[in-house]
Each structure stands twice: as structure tokens, then as C-alpha cells.
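Biologist: Could you walk me through this model, one idea at a time?
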Amino acid sequence: MLTYIIRRLIGAFAMLIVISMVTFGIFFVVPQWAGATPEAMASRYVGRAATPETVALIAERLGFNDPVAVQYGRFMKGVFAGAEYDYGAGVEQCPAPCFGYSFISGQPVWPELVNRMPVTFSLAIGAAVIWVLAGVSVGVLSALRRGSFFDRLSMGTALAGVSLPIFFTGMISLVVFSYGLGWTAPGGAYVPFTQNPALWAYDLLLPWITLAFLFAAGYARLTRAGMLETMGEDYIRTARAKGLREREVVVKHGLRAALTPILTLFGIDFGLLIGGAVLTETTYTLPGLGQYAILAIRNQDLPPVMGFVLVAATFVVIASLIVDMLYAVVDPRVRLS
Amino acid sequence: MSFLDVKDLKIHFPTDDGLVKSVDGLSFGVERGKTLGIVGESGSGKSVTSLGVLGLHKGGRAKLSGEIWLDGEELISASAEHVRGLRGKKMAMIFQDPLSSMHPFYTVGHQIIEAYRIHHKVTKQVARKHAIDMLGRVGIPEPARRVDSYPHEFSGGMRQRAMIAMALSCDPELLIADEPTTALDVTVQAQILDLMVDLQREFNSALIIITHDLGVVAQVSDDILVMYGGKCVEYGSADDIFYRPEHPYTWGLLGSMPRLDREPTERLLPIKGSPPSLINVPPGCAFHPRCPYAERTDGKADTEVPDLAETEGGHLVRCHMSRTERRTLWETEIKPVLETQ
């Protein structure tokens with residue numbers, strides 16, 4: 001078991017290194033391959049009115065003339081150990097993890113990312129609770145009553161949930177529940193949980209449900225398919241022959257076995273989501289990671305985009321690492337291999 | 001009335017293609033301490049019968065009729081919840097494939113503990129001791145250690161032993177074993193059979209062994225019921241079935257049985273054709289399309305369903321041929337051929 005964990009940890013770390021290389025390559029190497037000179041790279045860091053001399057100086061200072069490997073090393077050193085920027089007039093300290101400064105605001109990227117994480121986490125965790133509970137229970141009930149009215153209704157709804165994009169369901173629900181019925185907050189507001197939990201939940205309720213609807217649909221379908229398969233297994237018959245109550249047969253024996261693929265999917269979905277629920281945050285103007293990324297992309301603000309990509313990728317890798325570990329807990333047969 | 005008394009049991013499944021008569025008017029009984037062997041080919045309704053006795057068709061699509069008396073209590077009309085309470089405690093079952101019949105995610109011990117705690121209000125520690133004790137009794141070495149193993153960490157024979165330990169954990173008075181040795185290596189089959197017979201003696205339970213293999217029931221059964229197409233075709237003591245069989249299907253089964261104690265001078269005598277579809281059971285005697293003696297019935301073979309009639313001392317046969325004709329055939333044609341095999 002321990003070797004399994006260590007192997008997974010090493011794998012996850014290697015994965016992150018590869019992701020950082022690819023990200024660095026996309027933002028720093030590919031433009032140079034495409035013909036951008038060190039000066040052209042540097043010109044994005046200086047004002048429009050800069051003289052060619054200034055640009056050349058900045059290019060030298062930022063190291064765009066150095067070999068790619070050196071540039072990557074410097075970037076990674078910034079992430080792990082922090083960096084110093086020499087502006088000539090003075091030295092600017094950028095503590096680790098340093099992803100550089102936003103071109104637009106001039107603020108360091110990492111604190112901004114940290115500030116926005118609670119919003120995205122709140123959104124992702126709340127939605128995940130709803131979609132797992134709703135999706136799995138609807139899936140189980142549908143499987144147990146296959147062919148019934150409930151089954152057809154819920155699977156029809158699930159199909160709609162999977163196929164409707166979030167900006168559509170988000171807009172519709174805003175119009176109906178916020179502006180029309182006035183039941184929920186109109187979006188755009190975020191109150192930290194620590195300040196006022198009730199208001200926190202009130203503001204996030206609609207985004208949670210909208211996001212959960214999309215995911216719950218997929219989970220309901222997956223659970224239904226899994227349950228239909230496991231409930232026909234021999235060990236279900238054995239559990240019944242023991243005299244186990246049907247509810248326990250379904251939950252402890254049927255669902256337990258059907259849960260493995262759901263867990264895998266959940267790890268990936270949740271990891272992606274805490275890296276920024278881009279569409280939901282944009283639709284409800286929530287100040288989370290996804291919204292930050294969208295703003296940065298629109299402004300061609302390179303450092304925040306890079307920081308966002310690396311942080312989001314890290315979340316996905318960590319989430320799938322946790323899932324791999326849980327997998328070994330859920331399915332004892334995994335530990336052998 | 002016997003300890004288990006099944007009367008005119010019918011288990012029918014309505015399907016889109018028609019009514020599947022998996023079990024069609026079956027009657028049998030078993031006493032405590034006795035063993036009944038139910039023999040037949042795949043699809044003859046053996047397993048459906050056993051699941052019916054356990055009440056596992058309740059709430060499903062199957063239509064049941066007839067009577068199942070267990071220790072003076074009728075089960076078909078009893079509530080599903082009541083029968084659930086009897087299941088595992090008063091009657092238990094051992095299944096064919098112990099690997100797929102045990103939950104892959106739970107330890108063997110967990111599954112035995114679960115079975116025990118459904119019917120006994122005891123702590124986990126007490127149940128665990130009981131599980132270890134049961135594993136020891138079915139001959140698993142180092143039961144205190146193996147109790148925490150998963151089914152995939154056991155060998156096939158060990159798994160079937162664990163399955164037996166689970167089934168016997170609540171001292172059931174009726175034990176049904178559905179093809180208990182089919183999935184096992186030949187060398188292990190005899191061990192498992194011996195174990196079941198020993199435990200049956202110890203617990204004084206009624207045992208039903210369901211198999212397609214006459215060799216299995218030959219060693220252990222007091223009575224044998226031969227099924228064909230959802231019906232009983234011959235029912236009698238083990239001696240009746242092995243030394244005085246009267247139904248052509250039973251002859252066929254005996255002829256298909258390899259014998260190690262004789263010279264392999266000739267080929268086996270397999271039954272020609274395949275088992276009938278349970279949706280379109282052949283008219284008349286269900287066995288007549290495969291029966292070599294169908295023309296000896298004055299044309300009744302495909303028009304009239306023969307009755308299950310007593311031939312002598314509780315030995316029942318469902319055949320159109322007269323008793324003397326069957327006896328003569330057995331003595332002059334069948335027995336000599338079987339003996340040379």
C-alpha cells in the first residue's frame with residue numbers, strides 16, 4: 001500500500017513538471033519560434049511609449065536573450081523560491097510562489113489567485129455536494145424502477161441537463177428565480193462564509209444548483225447504468241439469500257460496487273472545477289479563479305493566465321491523486337497490482 | 001408432512017415472447033437430516049426452484065403458485081418481510097460460483113459477520129469470533145488470519161468453504177446447494193461434498209443438492225428428483241434411480257456419466273438433441289422429441305402429457321410406456337449396455 005502511494009506521488013509530481021514545461025513552452029517558447037524577438041517579448045512588459053533602448057534593456061533584464069532552459073529554470077525558481085526583479089531604480093521582491101506581475105494592474109499574480117480561491121472553492125464544494133447526492137440517488141432509484149414513469153422522466157431530464165450549456169441554464173434560472181420570483185440573489189455578490197454563512201449560501205444557491213444540474217445529469221446516468229449492472233451480479237443474490245434487507249442490499253452491496261467509476265469521474269470533475277468554474281463564474285459574475293482567467297485572457301495579460309493554468313492543473317493532478325488513493329480503499333483488488 | 005414440503009409448485013415468468021414455465025407443477029419433500037438431489041440439464045428449472053423456495057422471486061416478475069411448507073409454515077402466501085427473516089437463518093443457500101457470489105469489495109470475514117448479525121443481535125466482536133470459528137469448522141487453515149482476506153485472495157475450493165461457512169453461520173435447518181462443486185477442480189469437488197455431508201450430520205439439517213451431475217448426487221443423496229422441462233420426470237430413492245430407473249431421460253443421464261471404475265470399452269451414450277425451450281414446451285411428453293422410445297406410446301407421446309405415477313414404493317415416473325415395458329427395456333437393453341461401459 002505504501003509503495004502504491006509513493007508511486008502515485010512520484011507520478012503526480014512528474015506530471016506537474018511536464019505541465020509546467022508545456023505551459024512555459026506555450027507562453028514563452030512558441031512565440032519565439034514563431035518569430036518573436038526578445039525585444040518583441042519584452043515590449044509586452046513595458047508601456048507603449050517605451051523607446052527601443054528601454055525595450056532592449058528590459059529584454060536583457062528579464063532574460064529573454066538567455067537559452068530557453070535557463071529561462072525555464074528561472075521561472076521555476078520563481079515559483080518555488082521567489083524571484084527578484086531589478087528595475088534599475090530598485091529591486092522588487094516577489095515571494096514564492098511567484099508567477100510574476102499582471103501587465104494590467106501591476107499586482108503580483110499569486111495573492112490575487114489566493115484571494116479568489118475561496119469563491120471558487122465555495123462554488124465547487126457546494127455544487128459537488130448537491131450533484132453527488134442528487135445524481136446518485138436519482139440514478140439508483142431509476143435503476144431500481146427501470147422503465148417506470150420516474151425512470152423515463154429523470155433520464156429525460158438528465159439528457160437535458162447534459163446537453164444544455166451552463167450559460168443557457170444559468171441565464172434562464174437568473175431570469176426566473178432571481179428577477180422573476182425573487183427567491184434567490186441576482187448574482188455578482190459574494191460574502192465569505194466566515195462573515196455570514198447564511199448570506200454566503202443565499203448568494204451561491206443559484207450558481208450551485210445551476211452547476212449541479214449539469215453534473216448531476218451525468219452522474220445520474222452513470223449511476224443508473226452501474227446499478228443496473230451490479231444489481232444483476234451473483235453477489236447481490238447472495239446478499240438477498242442471507243436475509244439482508246433490500247435497502248441494505250441496494251446500498252451496501254449494489255451501490256458500493258457501482259461507486260468506483262463514479263469516484264473516478266468525480267475526481268476529475270471536481271479537480272477541474274476548483275481550478276475555476278469559468279462559465280458559471282462568468283454567468284453569475286462571481287469573483288472566482290475562472291473569472292480572473294477570463295479577464296486576463298481578454299486583456300492578453302500573460303502572467304495571470306500562466307499562473308491560473310498552473311494552479312488549475314495542480315488542482316486536477318491533486319484531485320486525481322486523491323481519487324487514486326481512494327480507489328485502493330474502495331476496491332481492495334487495486335492494491336495487488 | 002415433511003420438514004420441507006413443496007406441493008404443485010409453479011413458477012412462471014411472463015415475457016414479451018410468451019409465458020416461460022420454468023417450474024411447472026413440482027412436488028417434493030425433504031426431512032431433517034436427509035438429502036435430496038435435484039438433477040437435470042441446464043434450463044430444466046432446478047435453480048429457479050431453489051430460489052423460489054428461498055422466496056427470492058418475491059417482488060419480481062415471476063408468478064408463483066402452489067405451496068411451500070417449511071416446518072409447518074406456508075411460504076408462498078407469507079409476506080416478503082417474513083420470508084426475508086427466515087432466509088439465512090432457517091434456510092440458507094450455497095451458490096455455484098463462489099468467486100462471483102461473494103462481494104469482491106468486502107473481506108470474507110465481513111461477509112460472514114454480516115450474515116450472522118442480520119439474525120443475531122450481537123456485537124461485531126462476538127460475530128467476528130463466530131466467523132473465525134465457522135471458518136475453522138469448514139477447514140480453512142489459520143482462520144483468525146484468513147478472516148480478513150478478500151475473496152480474490154482465496155483459492156476456488158477455499159472460497160467455496162468460506163461460502164459454506166457463511167451459509168451455515170446461523171445454523172440453518174434447510175440448506176440448498178446449487179451446483180456447489182461445478183466451478184471447482186475435480187480434486188476439490190470430493191472434499192467439498194464430504195464437508196457438506198459432515199456438516200449436515202453435525203447440524204442435522206435438511207439438504208438439497210442441485211446438480212446436473214448424477215455422480216455428485218450418487219454419493220450423498222437419500223432421494224433423487226430428476227427434472228426435465230420444468231417438470232419432475234422421475235422421483236425416488238437413490239437406489240431406485242441408480243438401480244431401477246424407469247424413465248428414458250434418466251437412462252440417458254446415466255449413460256452420459258463417465259465411469260472411472262470400469263474399462264472405457266465404449267463411447268458414452270449421450271442424450272441426443274438439446275433441452276426444450278421453456279416458452280414452447282413440446283406438446284405431450286416434453287421429452288418425446290429426444291426419446292428413442294416415443295413410438296411405443298400408441299401415438300400419445302405428442303398429444304398427452306403423461307402423469308407422474310407411482311410405480312412401486314414411492315418411486316414416481318412420468319412416462320407413457322407401461323411399467324412392465326419400462327422394466328423390460330431397462331433389464332434387456334439399457335442395463336447391459338451401461339454395465340459394459
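Modeller: Gladly! Domain bounds here come from an automatic or database domain assignment. This is a predicted model, where local features need pLDDT of at least 70 and side-chain atom pairs count only at pLDDT 80 or more, while totals for chains, interfaces and linings use all residues. Residues are numbered from 1 along each chain as its sequence is written, and chains are lettered from A and ligands numbered from 1 in the order in which they are written.

Biologist: How many Å apart do the C-alpha centres of domain 1 and domain 2 of chain B lie?

Modeller: Chain B is divided into domain 1, residues 102–171, and domain 2, residues 244–340. The distance between their C-alpha centres is 43 Å.

Biologist: Which helix gives the largest share of the side of chain B that touches chain A?

Modeller: Two residues are in contact if their C-beta atoms, placed from the backbone, lie within 7 Å. By that rule, 23 residues of chain B are in contact with 18 residues of chain A. Helices are DSSP runs of H or I, at least four residues, and strands are runs of E, at least two, numbered from the N terminus. The largest share, four residues, comes from α4(B).

Biologist: Which residues have the most contacts inside the largest nonpolar core?

Modeller: A nonpolar core joins buried Ala, Val, Leu, Ile, Met, Phe, Trp, Tyr and Cys residues through C-beta atoms within 7 Å; buried means that 20 or more other C-beta atoms lie within 10 Å of a residue's own. The largest core has 91 residues, and those with the most contacts inside it are Ile176(B) and Val226(B).

Methods. A residue is buried if 20 or more other C-beta atoms lie within 10 Å of its own, exposed if 12 or fewer, and partly exposed in between; C-beta atoms are placed from the backbone.
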